[in-house]
Amino acid sequence: MTKTKKTILFIHRWLGFISGLVVLIVSITGCIFCFQDEIQDSLCPYRTVTVQNRPYADPSLLKSIALKKFPRATANYIYYYGKDRPAAVLVAWPKDEFTYVYLNPYTAQITHTEIASKNFFTIVEYIHLYLLLPPKAGALVVGISVIVFVVLMITGIVLWWPKRKSDRKRSFSIKWNGRWRRVNYDLHNVLGFYATSIAIILALTGLSMTFDWVREGIYKTANLGKTYTAEKVLPKSDSLNKAMFITKPVIDRALIIAEQKSPKAEMFLIYDDATAAGTVGVNAYAKSLHYGNADDYYFDKYTGKLLKYLPETKKSTGMKLNDLNYDIHVGQALGLPGKIIAFLASLICGSLPVTGFIIWLGKRKKPKTKQVRIIVHRKLHKHLAAR
């Protein structure tokens, strides 16, 4: 082995020790989270409703019903998940205990309430994002570990890549009939190679959720270095219009306009910024439970005037890619096949610290085994010579 490869192996090994446990936890929780929508749909009847040939109940009505049940809470987010799915109001308690109030979107009848932090998949998500540490510290630990993991994947490819063409065919397959140590070695190297490209995509989209500089880097790279300022500027409500009287609540008018301008949208998210200059925003998503391909609306919270309308077709490539970040991260950007690919890639990533550690243990024991064999061989040779 050359001096360069020895240095790379040293870096690869010690970075693996540093990040291995975090990578294992993040990867396994990622596997579990991939199919969270499908699992919850099959286990939770409240996640579906009977489609009715009538318009949705007004957001202001849903909000008032939710706050009537939780009078000390605030509610700034309202979701319409789809024609055959419930609406939901996210209410926040004074101590930041978030609760989802699910309602029939046509009748406004409450069908279920759920404290967000007690949902199994929310717990899995928090472990995945923060390791159940305080969010800032946990996100930093996970983020740094994922960056280290990307370096590990690259150095692993450099170490594994066969020099001779004649060795490549053998190197790209697992020798299942070999000894268990050889099988473990192949699992680490071969599966790591096949998973690298997907793993790096998952890593970058995950880092984009943690670090603004990664998200901005993806935006600028996709836009070939250009920044489209107009699409990133957020409008503000004019607080001088506080006393203006309007006949219909702004959030109701906002939903009506979004439905008219985005008639094919399946899901709507309405958010009411509580600050004085905040706006009422609506995201109209093309597909239910998918968070890319959205038309964005911003309304003056006092007058209901449409301040900004940014349809999906007018967004830059960088913004479209940022919007698709979550869907790419969990694989659902490619539908069920994408989720399966993300699941398998995450599973392989979770196995790499384990198989790598076994390889390291084996190499530590190997010299001692050889030394014992040499001593035994010498003693046997002396014994035979004496006879």
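Helices here are DSSP runs of H or I with at least four residues, numbered from the N terminus. You are looking at a predicted model, in which local features need pLDDT of at least 70 and side-chain atom pairs count only at pLDDT 80 or more, while totals for chains, interfaces and linings use all residues. Residues are numbered from 1 along each chain as its sequence is written, and side-chain values use heavy atoms, with hydrogens and water left out.

Start by selecting helix 1 (3–34) and helix 5 (135–160): each supplies at least two residues of a nonpolar surface patch. Helix 1 gives the most, four residues. Now show the whole patch: Phe10, Ile11, Trp14, Phe17, Ile147, Val151, Trp213 and Phe357, together about 790 Å² of accessible area (Shrake-Rupley, 1.4 Å probe; members have over 30% relative accessible area and no salt bridge, and nonpolar side chains are joined within 5 Å).

Zoom in on Trp213, in helix 8 (residues 212–222). Trp213 has a relative accessible area of 58%, so it counts as exposed (over 50%; buried is under 20%, partly exposed in between).

The structure holds 21 aromatic pairs. For one of them, pick Tyr285 and Tyr291, which sit edge-to-face at 5.6 Å centre to centre, with 70° between the planes (edge-to-face is over 60 degrees, stacked under 30). Tyr285 is buried at 8%, while Tyr291 is partly exposed at 33%. Then try Tyr297 and Phe299, a stacked pair at 6.4 Å and 15°; both are buried.

Methods. Patch = residues over 30% accessible without salt bridge, like charges linked within 9 Å, V, L, I, M, F, W, Y side chains within 5 Å. Salt bridge = Lys/Arg side-chain N within 4 Å of Asp/Glu carboxyl O. Buried < 20%, exposed > 50% of the residue type's maximum accessible area, 1.4 Å probe, protein only. Phe/Tyr/Trp six-rings, centres within 6.5 Å; stacked < 30°, edge-to-face > 60°.
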